Number of protein chains: 2
Amino acid sequence: MVDYDRFFSQDVHSFFRSPVREIFKRVDLNSIYSFAGGYPSASTFPLEDIKKTTAEVIDKYGAKAFQYGATQGVPELRNAVADRYSVPVERVQITSSSQQGIDVCTRVLVNPGDVVLTSNPTYLGALQSFKSYRAKIVGVPHSSDIEEFRQEYVTALEQCKGSGDKVKFLYMIPDFQNPSGETLTLEERKVLVGLAEEYNFLIVEDSPYRELRYEGEDVPTMYSLAPDRVLLLGSFSKIFAPGFRLGWILAAPELLDKIYVCKQSLDLCPPIMDQYVAAEFLTSGRLDRNLKKSIALYKGKRDLLLSLLAKYMPEGVTWTRPEGGLFLFLTMPEGFDAVKFYDVALDNEVAYVAGTFFRTDGKGLNTMRMNFSFLDESRMEEGVRILADIVKQHI
Amino acid sequence: MVDYDRFFSQDVHSFFRSPVREIFKRVDLNSIYSFAGGYPSASTFPLEDIKKTTAEVIDKYGAKAFQYGATQGVPELRNAVADRYSVPVERVQITSSSQQGIDVCTRVLVNPGDVVLTSNPTYLGALQSFKSYRAKIVGVPHSSDIEEFRQEYVTALEQCKGSGDKVKFLYMIPDFQNPSGETLTLEERKVLVGLAEEYNFLIVEDSPYRELRYEGEDVPTMYSLAPDRVLLLGSFSKIFAPGFRLGWILAAPELLDKIYVCKQSLDLCPPIMDQYVAAEFLTSGRLDRNLKKSIALYKGKRDLLLSLLAKYMPEGVTWTRPEGGLFLFLTMPEGFDAVKFYDVALDNEVAYVAGTFFRTDGKGLNTMRMNFSFLDESRMEEGVRILADIVKQHI
């Protein structure tokens with residue numbers, strides 16, 4: 001027998017498994033009432049259009065669609081992304097998933113012990129990546145008062161300064177956050193960008209949900225406020241389909257240059273045919289036509305879930321009211337343990353993700369994230385009813 | 001202006017650009033006589049079959065082909081790989097390219113300063129990855145005498161031991177090596193596996209070319225000799241098409257478990273539809289039928305290049321005679337500088353890769369790698385004639 005432990009790198013000891021992905025191993029999400037994953041609705045994938053577009057791409061590009069390609073991404077897709085978001089193409093790097101975007105930014109910016117500042121709670125996959133590079137993660141609580149909001153970040157920054165820790169970047173999902181569903185105001189974004197200048201750190205703006213807005217007005221991206229300070233991560237997963245594993249980074253050329261060299265040794269280049277298919281979807285308007293339908297569907301689902309929670313949840317349970325995205329966040333009365341409770345829920349064929357998994361401090365045991373994009377509308381009432389019934393029995 | 005330098009991680013200072021990929025930026029490989037990249041011939045991509053299979057996959061799997069999937073790879077592809085190579089499916093991890101396989105193995109196994117042992121020369125993309133994690137790369141020269149062969153490795157291992165360096169793994173391409181084209185004998189493989197036991201290190205066996213054999217008999221993989229010591233990296237790039245960016249790792253479940261958790265934060269999962277297409281190609285026999293044609297084509301190209309070198313190259317130039325793969329390796333008389341000479345060649349529309357780029361010690365200035373898979377047979381004679389003419393003028 002080989003003793004493998006002696007071979008593992010130090011980073012390995014900081015890896016942790018996604019509790020969300022562990023859930024997916026235990027159950028078939030299609031056969032239960034799942035509010036768990038961040039999965040788009042299967043009904044939003046434009047299957048016939050993809051089939052048609054794939055055939056067109058093979059006819060149009062031929063062997064080029066299957067050969068090695070540029071590490072930055074194929075020019076057609078880089079240009080389409082640059083056009084859509086009105087940025088120079090030199091500021092566009094295509095990634096093999098926006099998770100790779102998080103990972104490669106961390107790799108290029110973070111030494112063990114460096115601080116990554118995050119909202120608290122925040123996206124689990126980002127926490128996985130930061131921890132895997134042994135970053136010191138400092139989660140900052142959210143205050144809805146703008147002065148207190150600023151003060152929370154100043155306090156965290158001053159503490160880092162005091163202990164000699166180097167803050168490399170702030171990780172933020174300003175639009176329809178995962179897991180809270182909340183959106184930062186323009187004022188809040190300006191505060192954060194201002195602090196980035198003042199304390200000299202970068203901002204990684206993770207923006208996978210931004211185009212899924214169901215009400216209200218777009219708020220400018222942090223990237224648009226400070227394009228040299230902010231790296232924006234985009235994703236095709238929620239506006240097109242996750243199976244393609246394609247995303248992008250918008251950033252200053254000086255930063256992209258290092259990311260580009262890193263990506264050479266990570267995977268050489270993103271999948272080629274998939275990039276051409278995504279480019280065709282963007283430029284032909286097919287993506288936008290499909291996205292419009294997804295938004296209508298998800299708006300209906302969000303409204304339905306909000307009304308069902310109001311109808312079934314006992315007093316003392318509160319939740320966020322997201323203007324877009326895929327999630328809302330529930331807070332149960334103090335004392336409720338959403339981690340322990342999880343097995344009971346699963347026995348009753350309901351799944352969610354415990355809110356504490358998204359936190360940097362182990363708190364928030366009485367919170368849970370509910371996804372409303374995946375579960376079929378016809379099954380949502382039954383799911384909420386079951387969940388609410390068990391909640392009632394446990395508070 | 002933001003001073004970005006202060007933000008970069010220590011790893012970044014060890015990144016280096018692939019000189020091969022830099023060449024691809026300078027010229028359109030299709031318009032010159034390119035012996036440079038490790039590109040398969042575009043004519044080997046089964047375009048019509050891929051188009052048909054993609055449509056079939058979309059009909060068969062529907063939305064599942066575009067949803068998130070398992071981090072280990074879709075079961076259909078894992079099973080197909082397990083069947084093809086007669087390994088238990090628990091020992092199969094699908095990767096988003098075999099370059100990712102190299103990267104993730106290094107990430108999971110290597111701390112800065114740890115030793116990675118390699119043949120010298122070896123694959124450039126592997127050197128990029130090892131250096132990016134600040135590994136100490138120790139290149140070992142190849143001797144064709146089995147006792148000397150063993151002794152070279154023992155010397156290197158003893159030196160590491162003496163200086164307190166921890167050897168984590170040996171990186172090897174035993175079949176039709178990149179860049180040399182050479183294949184390790186069974187005896188040599190047994191020596192290396194024996195040393196791995198004796199000195200307690202692992203072996204990463206990079207095996208992208210193994211199925212492209214044009215003569216002689218298969219030699220057992222090192223993985224088959226010691227499945228608990230060896231991680232085998234496979235690739236669809238040379239037996240199917242590089243554009244899919246799909247590969248696999250065969251290894252002990254204890255190792256794959258860490259690689260699996262690492263891959264969660266790297267990119268969640270490989271592209272889904274592409275995996276189903278690859279699985280269909282494997283199980284339907286389409287891949288093998290196509291591979292048979294590729295082998296016939298490449299055998300012809302290898303034979304042609306060997307005969308052209310014999311016809312045109314001046315005395316004093318020698319080259320390897322590969323039994324398979326995509327490359328052969330030329331040695332010019334001492335004093336010839338293949339790096340300096342490269343611009344002259346490019347001015348005359350011929351491209352190759354200088355052999356020194358594949359070395360860990362900067363030596364081998366008088367060597368070059370020639371690829372024979374990419375350039376069309378009809379253009380090969382002219383390419384070799386031009387190259388040989390300039391060589392004659394410079395030795």
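Reader: At what angle do helix α2 of chain A and helix α2 of chain B pack?
Author: The model is a predicted one. In it, α2(A) and α2(B) each span residues 47-61. Their axes lie 10 Å apart. The angle between the two helices is about 175°.

Reader: Are α2(A) and α2(B) roughly parallel or roughly antiparallel to each other?
Author: The two helices pack at about 175°. Angles over 145 degrees count as roughly antiparallel. The relation of α2(A) to α2(B) is therefore roughly antiparallel.

Reader: Which residues of α2(A) make the contact with α2(B)?
Author: From chain B, the contact uses L47(B), I50(B), K51(B), T54(B), A55(B) and I58(B). On α2(A), the contact is made by L47(A), I50(A), K51(A), T54(A), A55(A) and I58(A).

Reader: Which helix supplies the largest share of the side of chain A that touches chain B?
Author: The whole contact takes 67 residues from chain A and 67 residues from chain B. On chain A, α2, α4, α5, α9 and α10 each supply at least two residues. By type, that side divides into 33 nonpolar, 20 polar and 14 charged residues. The largest share, nine residues, comes from α9(A).

Reader: What kind of axis relates the two copies?
Author: A rotation of 180° superposes chain A on chain B, with 0.0 Å of shift along its axis and an RMSD of 0.0 Å. The same surface serves both copies, and 100% of the contact residues of chain A recur in chain B. Given that rotation, the copies are thus related as by a two-fold rotation axis.

Reader: Which strands stand at the edges of the sheet in chain A?
Author: Seven strands form this open sheet, with mixed pairing, in the order β2-β8-β7-β6-β5-β3-β4. From one strand to the next, the twist averages 20°. Two strands have a single partner each, so one side of each is left without a neighbour in the sheet. Those edge strands are β2 (92-95) and β4 (136-140) of chain A.

Reader: Which residue in β5(A) is the bridge partner of V115(A)?
Author: Strand β3 of chain A covers residues 115-119, and β5 of chain A covers residues 167-172. Four bridges join them in the parallel sense. The partner of V115(A) is V167(A).

Reader: Across which strands of chain A does helix α6 lie?
Author: Helix α6 of chain A spans residues 146-162. It runs at about 155° to β4(A). The strands it lies across are β3, β4 and β5 of chain A.

Reader: Which residue in β8(B) does G234(B) stand opposite?
Author: In chain B, β7 covers residues 230-235 and β8 covers residues 247-250. The two run antiparallel and are joined by four bridges. Opposite G234(B) stands W248(B).

Reader: What angle does the direction of helix α4 of chain B make with that of β7(B)?
Author: Helix α4 of chain B, residues 98-109, packs on the sheet. There it touches β2, β5, β6, β7 and β8 of chain B. Its direction makes an angle with that of β7(B) of about 155°.

Note on methods. Residues are numbered from 1 along each chain as its sequence is written. Chains are lettered from A and ligands numbered from 1 in the order in which they are written. This is a predicted model: local features need pLDDT of at least 70, side-chain atom pairs count only at pLDDT 80 or more; totals for chains, interfaces and linings use all residues. Two strands pair if DSSP finds at least two bridges between them. Two residues are in contact if their C-beta atoms, placed from the backbone, lie within 7 Å. Axes are lines fitted to C-alpha atoms, for helices over the stretch in contact, and angles run from 0 to 180 degrees between N-to-C directions. Angles under 35 degrees count as roughly parallel, over 145 as roughly antiparallel, 65 to 115 as roughly perpendicular and the rest as oblique. Ala, Val, Leu, Ile, Met, Phe, Trp, Tyr, Cys and Pro count as nonpolar, Asp, Glu, Lys and Arg as charged, and the others, Gly among them, as polar. Copies are superposed by least squares on the C-alpha atoms of residues with pLDDT of at least 70 in both.
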